[in-house]
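This briefing covers one protein model. Please look over the sequence and the coordinates before reading on.

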Amino acid sequence: MSTIGVAGAGSIGAGLIRLLNTSPAARRLRLKTVLVRDTAKSRPELPTGTPLTVAPTDLTDDPEIDVVVELLGGVDEPFRVLSRALSQGKAVVTANKNLLAERGPELFGLAAERRLPIGFEASVCAGMPIIRTLQEALRGDRITALEGVVNGTSNYLLTRMSEERAPYQDCLADAQRLGFAEPDAEYDVSGRDAACKTGILATLAFGAYVDFRRIPTSGIDTLDLEDVRQAEAMGYRIKLVAAARRSASGGLDAEVAAVLLPLQHPLASIRMECNAVRVESEGLVETLLAGRGAGPGPTSMSLLADLLDIAEGRGRVPGADHPFIAGVFDLDNGQRAASRYYLRLAVPDRPGTLAQVAGFFASQGISLASVLQPEVPEINGGFLVPLILTTHTTDRRRLDLVLAALAAAGWGRHVVLRIRER
Ligand SMILES: NC(=O)c1ccc[n+]([C@@H]2O[C@H](COP(=O)([O-])OP(=O)(O)OC[C@H]3O[C@@H](n4cnc5c(N)ncnc54)[C@H](OP(=O)(O)O)[C@@H]3O)[C@@H](O)[C@H]2O)c1
């Protein structure tokens with residue numbers, strides 16, 4: 001029997017507490033105490049009689065509790081709770097990617113020092129067992145690259161915009177209602193959530209800490225239905241892709257960005273809140289994992305699996321060579337490979353504009369593959385109209401010079417997406 005304290009009874013905490021009460025697999029786990037901010041709050045989603053407290057030490061310092069599960073959200077308070085729990089000799093489990101991406105080295109350092117397990121399967125891609133796959137199935141292989149659709153909310157929005165032409169704001173409200181958007185949805189759609197997950201996955205895949213703050217990151221918050229429509233007309237689908245690849249110099253190229261994927265790309269068919277990660281490695285060549293990447297149900301399932309491992313003595317205790325504490329990876333993002341690009345510009349609706357724009361591209365030696373000016377009388381009540389361009393292969397540095405020239409001309413609003421050929 002393993003006795004558990006759960007910190008947090010929000011969307012995910014309540015999901016786990018219900019699962020602990022109903023799953024036959026959880027019969028050897030005993031929930032003792034649940035930490036919340038406000039014990040007076042009505043909680044119809046929790047089983048009656050769930051024992052609540054507002055004092056973290058009721059979990060961390062209770063000698064009966066063996067494992068503390070952190071489901072609070074944020075970074076500082078979760079770090080305080082888990083480091084205290086470790087210092088009191090307790091195993092810990094967390095679904096918190098922010099905490100691990102930001103303070104993983106300190107937390108894993110403490111666990112290694114105390115020889116205690118940390119379970120964190122639920123922190124990346126919720127119910128899809130990508131952490132286990134990297135830590136166990138692929139541990140003997142040499143991973144060269146990984147890429148994935150790792151933010152369920154963004155993928156849900158992009159899928160509904162593509163399949164139903166549903167407006168962005170309506171889809172976002174639905175994602176929040178269904179419990180898989182973060183409380184601050186900006187965090188999902190800006191790419192920051194995906195960057196944290198990329199930091200964690202790249203750390204495990206490449207063997208040293210990858211600081212997510214150094215990964216160039218953009219999201220889907222500047223896209224609109226026109227981009228989704230145009231991408232599809234050209235035979236592509238827009239996805240928010242998190243990618244990291246070993247570079248020729250021995251460093252790492254990493255990026256989180258919306259990209260145009262050809263329809264036959266394995267990540268192009270990942271729908272709604274599902275996630276997928278594709279791993280390239282020397283031994284297995286290609287491994288693809290897909291599954292439910294958000295929401296209380298799938299997240300609780302991964303938390304339960306970690307709790308069962310710990311209860312059965314199979315929890316993973318980090319050694320001194322654990323990737324989170326083995327060193328820090330260099331990122332060489334200056335070396336981004338040449339690519340084709342999709343651009344949506346907002347330009348003045350007057351004769352000669354098209355020639356002027358083409359001139360900016362020509363001055364940097366960038367060849368345009370297509371130019372389209374959809375018939376829209378005006379946007380945002382002003383005199384700017386959308387101009388959609390695709391380029392032939394170019395390096396990003398030259399494109400950035402064109403974008404700077406456009407901005408200097410007062411046409412600074414633009415969407416730029418990489419076009420993947422395979
Ligand atoms: N949503 C997903 O699909 C998903 C998937 C994987 C991982 N996660 C991660 O799971 C974690 C929890 O997310 P959530 O959506 O469940 O958050 P949430 O709904 O905001 O719930 C947070 C819970 O923590 C409690 N809490 C927060 N700060 C506290 C403090 N200082 N002291 C005591 N209690 C505190 C809150 O208490 P009150 O109830 O009293 O306010 C609430 O019960 C996050 O790290 C998130 O990133 C989420």
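The model is predicted, so local features need pLDDT of at least 70 and side-chain atom pairs count only at pLDDT 80 or more, while totals for chains, interfaces and linings use all residues. Residues are numbered from 1 along each chain as its sequence is written, and side-chain values use heavy atoms, with hydrogens and water left out. Helices (H or I, at least four residues) and strands (E, at least two) are DSSP runs numbered from the N terminus.

**Sheet**

- An open sheet of nine strands has the order β11-β10-β7-β8-β9-β15-β12-β14-β13, with mixed pairing; two strands pair if DSSP finds at least two bridges between them.
- At the edges are β11 (285–292) and β13 (368–372), each of which pairs on one side only.
- On average, neighbouring strands of this sheet are turned by 25° against each other, direction ignored.
- Six bridges join β7 (residues 143–149) to β10 (residues 274–281) in the antiparallel sense.
- Leu146 stands opposite Val279 in β10.
- Helix α13 (residues 396–408) lies across β12 (340–348) and β15 (414–419), and runs at about 5° to β12. Axes are lines fitted to C-alpha atoms, for helices over the stretch in contact, and angles run from 0 to 180 degrees between N-to-C directions.

**Crossing of α1 and α11**

- The axes of α1 (residues 11–22) and α11 (residues 296–311) come within 8 Å and cross at roughly 60°.
- That angle makes α1 oblique to α11; angles under 35 degrees count as roughly parallel, over 145 as roughly antiparallel, 65 to 115 as roughly perpendicular and the rest as oblique.
- The crossing of α1 past α11 is right-handed. A crossing is left-handed if the near helix is turned anticlockwise from the far one by less than a right angle, and right-handed if clockwise.
- From α1, the contact (heavy atoms within 4.5 Å) involves Ser11, Ile12, Gly15, Leu16, Leu19 and Leu20; from α11 it involves Pro296, Thr299, Ser300, Met301, Leu303, Leu304 and Leu307.
- The residues of the contact of α1 with α11 comprise nine nonpolar, four polar and no charged. Ala, Val, Leu, Ile, Met, Phe, Trp, Tyr, Cys and Pro count as nonpolar, Asp, Glu, Lys and Arg as charged, and the others, Gly among them, as polar.

**Crossing of α4 and α9**

- The axes of α4 and α9 (residues 192–206) come within 9 Å and cross at roughly 55°, so the two helices are oblique to each other.
- Helix α4 passes α9 in a left-handed crossing.
- Lys97, Asn98, Leu100, Ala101 and Glu102 of α4 meet Arg192, Asp193, Cys196, Lys197 and Ile200 of α9.
- By class, the contact of α4 with α9 has four nonpolar, one polar and five charged residues.

**Single residues**

- Arg114 belongs to α4 (residues 97–114). It counts as partly exposed because its relative accessibility is 39%; buried means under 20% relative accessible area, exposed over 50%, partly exposed in between (1.4 Å probe, protein chains only).
- Apart from neighbours within four places in sequence, Arg114 is in contact with Leu86, Ser87, Gln88 and Gly89.
- Most residues other than glycine have a negative phi.
- Met272, not a glycine, has a positive phi of about 50°, and lies in the loop between β9 (252–262) and β10.
- Val285, also not a glycine, has a positive phi of about 70°. Val285 is in strand β11 and counts as exposed because its relative accessibility is 55%.
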